Amino acid sequence: MFGNVLDSHPEISCECEFLNHLKKSSLRDKVNYVYSYFSENKNGENSEPKHIIGGTINPFKYKLEPPNFYQLIYPDCSTETEFLLRKKQSKIKPQIQIILLLRKNLLKQAISLYLVKERKQWASSLDLIKNKETLNKEEFDLDKLQKLFIDVNNSSAKLTQFANSLTNDYHTVFYEDFLEDSRKVKVFNQVFTYVGASPMDDSFDFTAGFQKINSDDLRNVIANYQDLYKYSEFLPYLEN
């Protein structure tokens with residue numbers, strides 16, 4: 001949803017998971033594609049209406065590491081030492097701006113992943129699900145959910161570390177803020193401003209037509225909800 005909203009902005013072109021078609025390709029092919037993808041806008045030479053080029057990516061999905069992005073961010077740095085020195089010079093802005101998208105509620109993130117795996121439905125919006133009966137409340141294997149929770153917790157920490165290793169100037173946003181009517185306009189406009197695009201007014205569709213799939217109330221999702229309280233790591237994310 002995040003990438004689709006950015007792409008719907010009249011000044012932004014944003015492709016979701018733009019490396020997906022190269023998932024099984026060599027690391028060199030992936031890295032080369034990343035550089036070619038951004039080269040059009042790298043020097044600010046693109047004068048098209050959608051002149052801000054971006055894309056969403058989970059680097060771990062493609063086995064990418066921070067050094068793969070060093071010259072993309074600072075083109076004149078050929079070594080890690082040069083990159084780290086340049087990164088410390090706060091007056092020198094990176095060529096590429098990084099937005100880090102995280103979840104505040106890691107339990108709900110794990111539950112969403114659990115349901116995707118169990119339902120074998122990868123739809124990202126409610127209107128894309130044909131059989132709504134598959135969304136009924138169900139019993140969860142809580143040991144399996146616990147493992148997914150640990151995975152998403154580790155992934156969140158790794159993504160933050162990844163961004164920190166590339167720049168001191170990245171912008172963090174949280175998925176939950178996009179769901180709150182009182183917050184989403186302000187948060188998205190902060191993102192637009194960060195990447196150099198114009199803020200949008202209330203007439204802009206800040207959802208890009210996407211509808212949330214699962215209820216925010218976990219009692220409507222998990223039949224054995226009360227059993228969640230048996231897992232200490234879940235407690236900070238549960239209703240009292």
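Modeller: What follows is a set of questions about terms, each answered by setting a value against a definition.

Modeller: This is a predicted model, in which local features need pLDDT of at least 70 and side-chain atom pairs count only at pLDDT 80 or more, while totals for chains, interfaces and linings use all residues. Residues are numbered from 1 along each chain as its sequence is written, and side-chain values use heavy atoms, with hydrogens and water left out.

Colleague: How many helices and strands does the protein chain have, and what makes a stretch count as one?

Modeller: The protein chain has seven helices and four strands, where helices (H or I, at least four residues) and strands (E, at least two) are DSSP runs numbered from the N terminus. Along the sequence they follow the pattern α-β-α-β-α-α-β-α-α-β-α.

Colleague: Why is leucine 166 called buried?

Modeller: Buried means under 20% relative accessible area, exposed over 50% and partly exposed in between, with a 1.4 Å probe and protein chains only. Leucine 166, which lies in helix 6, has a relative accessibility of 3% and therefore counts as buried. Of the 240 residues in the protein chain, buried residues make up 38%.

Colleague: Why is glutamate 17 given another label, and what is said of lysine 63?

Modeller: Glutamate 17 has a relative accessible area of 23%, so it is partly exposed, whereas lysine 63, with 67%, is therefore exposed. Glutamate 17 lies in the loop between strand 1 (12-15) and helix 2, and its phi is near 45°, a positive value in a residue other than glycine. Lysine 63 is found in the loop between strand 2 (52-55) and helix 3, and it has a positive phi of about 60° although it is not a glycine.

Colleague: What makes a group of residues a nonpolar core, and which residues touch the most other members of the largest one?

Modeller: A nonpolar core is a set of buried Ala, Val, Leu, Ile, Met, Phe, Trp, Tyr and Cys residues joined through side-chain atoms within 4.5 Å. The largest has 21 residues, of which Leu19, Val34, Phe38, Phe69, Ile73, Phe83 and Leu166 touch the most other members. Helix 2 (27-42), helix 3 (70-73) and helix 6 (142-166) each supply at least two residues of this core, and helix 2 gives the most, with four residues. Apart from it lies another core, of 20 residues, among them Ile111, Tyr114, Phe149 and Leu218.

Colleague: Which residues is leucine 166 in contact with, and what does contact mean?

Modeller: Contact means heavy atoms within 4.5 Å, and, leaving aside neighbours within four places in sequence, leucine 166 is in contact with Pro66, Phe69, Tyr70, Ile73, Phe83, Lys87 and Ile98.

Colleague: Why are helix 5 and helix 6 called oblique to each other?

Modeller: Angles under 35 degrees count as roughly parallel, over 145 as roughly antiparallel, 65 to 115 as roughly perpendicular and the rest as oblique. The axes of helix 5 (residues 106-119) and helix 6 come within 8 Å and cross at roughly 120°, and these helices are therefore oblique to each other. Axes here are lines fitted to C-alpha atoms, for helices over the stretch in contact, and angles run from 0 to 180 degrees between N-to-C directions.
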